[in-house]
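Subject: Structure for your review

Dear colleague,

Please find the structure below.

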Amino acid sequence: MRFDTKIGIVVRADLAAWQRLNVTAFLSGAVAGGVPDTMGEPYEDGSGNAYLPMIRQPVLIYAADLTQLRAVREKAMARQMDVAVYIEEMFKTGHDADNRAAVRAVEAEELALVGVAVHGPKNGVDKVLKGLSLHP
């Protein structure tokens with residue numbers, strides 16, 4: 001199936017494995033929660049057990065450095081795409097309110113980004129992520 005939109009998540013390449021997974025999970029949740037059209041229908045197995053719905057389209061994961069992450073955020077914001085950010089300070093907080101406060105405390109161009117998620121028209125997302133490598 002082909003989709004008109006695309007979801008890309010970019011994580012900083014120098015993070016520990018658990019951090020890359022954690023950032024990816026949080027950013028996927030941001031897209032799912034912030035863009036309801038990305039969600040599919042609930043699942044059910046042959047025994048009648050119900051399961052939560054998942055994002056209905058592929059999510060591509062890329063690796064980048066801080067400079068590239070900042071460029072992705074800037075380009076995506078300029079194109080008015082759906083954007084989620086995860087910053088270094090969020091590894092030290094204990095809950096969602098503290099995460100939001102950590103982001104609010106820093107000007108956009110100074111964010112210590114460790115991950116960015118973008119969702120938007122497929123060709124636009126391709127342009128924003130051009131030149132990045134898929135995460136190994």
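What volume does the largest pocket have? The volume is about 230 Å³. The model is predicted, so local features need pLDDT of at least 70 and side-chain atom pairs count only at pLDDT 80 or more, whereas totals for chains, interfaces and linings use all residues. Residues are numbered from 1 along each chain as its sequence is written, and side-chain values use heavy atoms, with hydrogens and water left out.

On a 1 Å grid over the protein atoms alone, a pocket is an open set of points where a 1.4 Å probe fits, with protein on both sides within 12 Å along at least five of seven lines; lining residues have an atom within 4 Å of a point. Grid points are joined across faces, edges and corners, and the volume is the space filled by probe spheres set on the points.

The lining of the largest pocket includes Phe 26, Tyr 86, Met 90, Asp 96, Asn 99 and Arg 100. Helix α3 gives the most to this lining, with five residues, and α1, β5 and α3 each supply at least two. (Helices are DSSP runs of H or I with at least four residues, strands are runs of E with at least two, and both are numbered from the N terminus.) By class, the lining has eight nonpolar, one polar and three charged residues. Here Ala, Val, Leu, Ile, Met, Phe, Trp, Tyr, Cys and Pro count as nonpolar, Asp, Glu, Lys and Arg as charged, and the others, Gly among them, as polar.

Asn 99 lies in helix α3 (residues 96-104). This residue counts as buried because its relative accessibility is 11%, the cut-off being under 20% with a 1.4 Å probe and protein chains only. Beyond its neighbours within four places in sequence, Asn 99 is in contact (heavy atoms within 4.5 Å) with Met 90 and Thr 93.

The second largest pocket holds about 170 Å³ of space. Strand β1 provides the largest share of its lining, three residues; the lining residues include Met 1, Phe 3, Gln 57 and Lys 122.

As for the sheet, five strands form an open, mixed arrangement in the order β5-β6-β1-β4-β7, where pairing requires at least two DSSP bridges between two strands. Strands β5 (82-87) and β7 (133-134) stand at the edges with a single partner strand each, so one side of each has no neighbour in the sheet. Strands β1 (residues 5-12) and β4 (residues 59-64) run parallel and are joined by six bridges; Val 11 has Ala 63 in β4 as its bridge partner.

Kind regards

Note on methods:
Buried means under 20% relative accessible area, exposed over 50%, partly exposed in between (1.4 Å probe, protein chains only).
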